[in-house]
Amino acid sequence: MNTRWRQFKKLVPAEDFYECYYENKPQLCPVCRGKLEESSYYEEYHGCVEENRHCKGCGYARYWSYGSTLLEVGSLSISYSYSTPDKEVSLIEDTFAREIVKERNRRKMEIRKYYRKRG
Ligand SMILES: [Zn+2]
């Protein structure tokens, strides 16, 4: 918890604070559990038009911009847009989810290898 949150905690009732804190806490990378860099961009008339999350540690990324989604993990990079049929979108999301698991396991193996080498 950083200073900003600590200050905020003093100002609001406990229940309100925790509700707000857990809703806004930084999202963790599904691959390496690192903190995700988040940015979003709002336009006056359209509301939220861009939302990007990416991990510096392993290259996991989910970009959303004007209805187009770009997903990146490991060597995989796929995208779809608002006009992509639902069926295809769920296929792409499934592929992405599977790749996240694969990448997570690959990283675990690498870490294990690294320690084994050093004895
Ligand atoms: Zn990561």
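Which residue takes a positive phi near 45° in the hairpin of β3 and β4? The residue is Y66, and this hairpin has two residues between its strands. Let's walk out from that turn to the rest of the protein.

First, a word on what you are looking at. This is a predicted model, in which local features need pLDDT of at least 70 and side-chain atom pairs count only at pLDDT 80 or more, while totals for chains, interfaces and linings use all residues. Residues are numbered from 1 along each chain as its sequence is written.

The protein has three helices and five strands, where helices (H or I, at least four residues) and strands (E, at least two) are DSSP runs numbered from the N terminus. Along the sequence they follow the pattern α-α-β-β-β-β-β-α.

All five form an open sheet in the order β1-β2-β3-β4-β5, with antiparallel pairing; two strands count as paired if DSSP finds at least two bridges between them. At the edges are β1 (37-43) and β5 (76-80), each of which pairs on one side only. From one strand to the next, the twist averages 10°. In general, strands of a sheet pair through backbone hydrogen bonds, either parallel or antiparallel.

Now follow the pairs across the sheet. Strand β2 (residues 47-54) and strand β3 (residues 61-65) run antiparallel and are joined by five bridges. Along this pair, H54 stands opposite A61, and E51 has W64 as its bridge partner. The hairpin of β2 and β3 has six residues between the strands, and G59 in its turn has a positive phi of about 95°.

Five bridges also hold the antiparallel pair of β3 and β4.

V73 is partnered by L76, while L70 stands opposite S79. Two residues lie between these strands in their hairpin, where G74 has a positive phi of about 55°.

What lies across β4 (68-73) and β5? That is helix α3, which runs at about 160° to β5; such angles run from 0 to 180 degrees between N-to-C directions, with axes fitted to C-alpha atoms, for helices over the stretch in contact. Helix α3 (residues 86-117) has 32 residues and reaches 46 Å from its first C-alpha to its last, close to the 46 Å expected at 1.5 Å a residue (the expected span is 1.5 Å times one less than the number of residues).

How well covered is α3? Hardly: two of its 32 residues are buried. Buried means that 20 or more other C-beta atoms lie within 10 Å of a residue's own, with 12 or fewer for exposed, partly exposed in between, and C-beta atoms placed from the backbone. In the protein, buried residues make up 8% of the 119 residues.

The largest nonpolar core has seven residues: C29, V31, C55, C58, Y60, L71 and V73. Such a core is a set of buried Ala, Val, Leu, Ile, Met, Phe, Trp, Tyr and Cys residues joined through C-beta atoms within 7 Å. Leaving out residues up to four places away in sequence, L71 touches R62, I78, S79 and F96, a contact being two C-beta atoms, placed from the backbone, within 7 Å.
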